[in-house]
Amino acid sequence: MTEQRGNWTSSAGFILAATGSAIGLGNLWKFPFITWENNGGAFVLVYLVCIAAVGLPIMMAELLIGRKTQQSAVGALKEAVGPAWGLVGLWGVLCGFTLLSYYTVIAGWSLYFFAKTAGWMVGGFPTGTSLGQVFTEQSANGGLQIALSLGFSVATVSVVYFGVQKGIEKIARLFLPVLFVILALLFMVSFAMDGSREALTFIFRPSFNELDGGSVLEALGHAFFTLSLGMGAMITYGSYIARNQSVVKASGIIVLLDTVIALVATVIMFTVIFTAGMQDQVGDTGTVGMLFISLPQLFFAEGIVPGGAVLAPLFYVLVALAALTSTMSLLEVVTSYIIDEHGIERGKATLACGGVVFLFTILAALSFGGADFASNLSAPGRLGDLLFAGKTSWFGMADHFVSNWMLPTGGLAITVAVGWFMTREATESELVDETVPGWFNYNTWRFFIRYISPAAVAAIVVAVLFFGVDFS
Ligand code: TRP
């Protein structure tokens, strides 16, 4: 490892990049939908507790391992905790690889819907168009799916190719502000709409009789996903933090921004849905439905969203930017492992990793009817059931396995490593320095990372194992 490692140019650059990793399809696609499914209010409250009690401490834990060792996931865990822990890092790299391979497909849809809605903005919305059909047709078109995800993969590789400063940080600095502005604009428009009151009530007024154990675990699982935790992504980004930048403050900002953005996105979407009086139909279109079927339809419906025809393409720009700042972080997890552990130069490593991941992206792209061998799989036997919960497409299986198995087990291993296998001195010296903000208390953090976080994460693993709860 003679090659010089990159560093973030500033604290702000790092925070933007890590926030970009956290804000992604999880915020815009998964969170609104699971909030809907779990009837809002109480679920949102539980989610916020999970973010604060589990997400925030683990965010600090991952970043501190990275900053301390200045190495990517595998090397970092080996050095900070012990040689055997390299396996946990490897598990994370595999998780990043798998997640990236199918995440890119949904990211590709945002390109398609951008083009579609931009076309309708200019040429008018053809009356009688069924958005459900538009969606199904595009997702079942194998060639189109491969082309879209290839486009997105090329964009991701092009960023990571240029490294931490000239690639990742530069793009994050450029795109995150744009993302914030688009979201703020949509948020303001949504406030002028009739349904905003109802949406806010749905999201923020808790009614606990709607809540069951499954919802609690779903909230916890999503806290991992949305903060990019449990797979070493934040270890990797943490490894580029300079020694004089605070881990604690950065963690606070990243977690806060990710949470605010998820809530804002949810308010916007629900406002549109309530204004249109569509609440009965949303559930039928499933997870992808809200983002790619209900919303585009409502943007173009008469008298619902002011300026909807212009905001629609802008909304998909938002989705694409949010996805790109996440895919580049995922690819960085895999690439930096190859660079650090196998001494391969960044350019080559990026192309190789991007290429190999794309082979699996093809399978995911063909999972929606594009090809039978990817859409109709079955994992036989009890083990197959346990691992993939009856999912029948490559995409579905990969998503299920990542959300239900890889992130929780990886997260559990990381909390145990930091809480129980690293000394108090080692973690304290990383977290507490002259830059530490006043609200932080080291002993509280240590209590959470040793007891609360592992117990909560273990609950997910047990739930999945013994009760077959499905988080995806
Ligand atoms: N946080 C991302 C989102 O909400 C998804 C994600 C999970 C991720 N783990 C990651 C992104 C690791 C980058 C790196 O969409």
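Sixteen is the count to start from: of the 16 residues around the ligand, those that come nearest are Ala22, Leu25, Gly26, Tyr103 and Phe225, where a residue is near if one of its heavy atoms lies within 4 Å of the molecule. The model is predicted, so that local features need pLDDT of at least 70 and side-chain atom pairs count only at pLDDT 80 or more, while totals for chains, interfaces and linings use all residues. Residues are numbered from 1 along each chain as its sequence is written, and side-chain values use heavy atoms, with hydrogens and water left out.

By class, this shell holds eight nonpolar, eight polar and no charged residues; Ala, Val, Leu, Ile, Met, Phe, Trp, Tyr, Cys and Pro count as nonpolar, Asp, Glu, Lys and Arg as charged, and the others, Gly among them, as polar.

An N or O atom in the side chain of Tyr103 is 2.4 Å from an oxygen atom of the ligand, and a polar side-chain atom of Asn27 lies 3.4 Å from a ligand oxygen atom. At Phe225, a polar backbone atom is 2.9 Å from a nitrogen atom of the ligand. Taken alone, the ligand exposes 360 Å², and the protein buries 100% of that area (Shrake-Rupley method, 1.4 Å probe).

Helices H1 (11–22), H2 (25–37), H5 (86–123), H10 (213–226) and H15 (308–342) each give two or more residues to the shell around the ligand; helices are DSSP runs (H or I) of at least four residues, numbered from the N terminus.

Notes: Polar contact = N/O pair within 3.5 Å; in protein donor to acceptor, adjacent residues only side chain to side chain.
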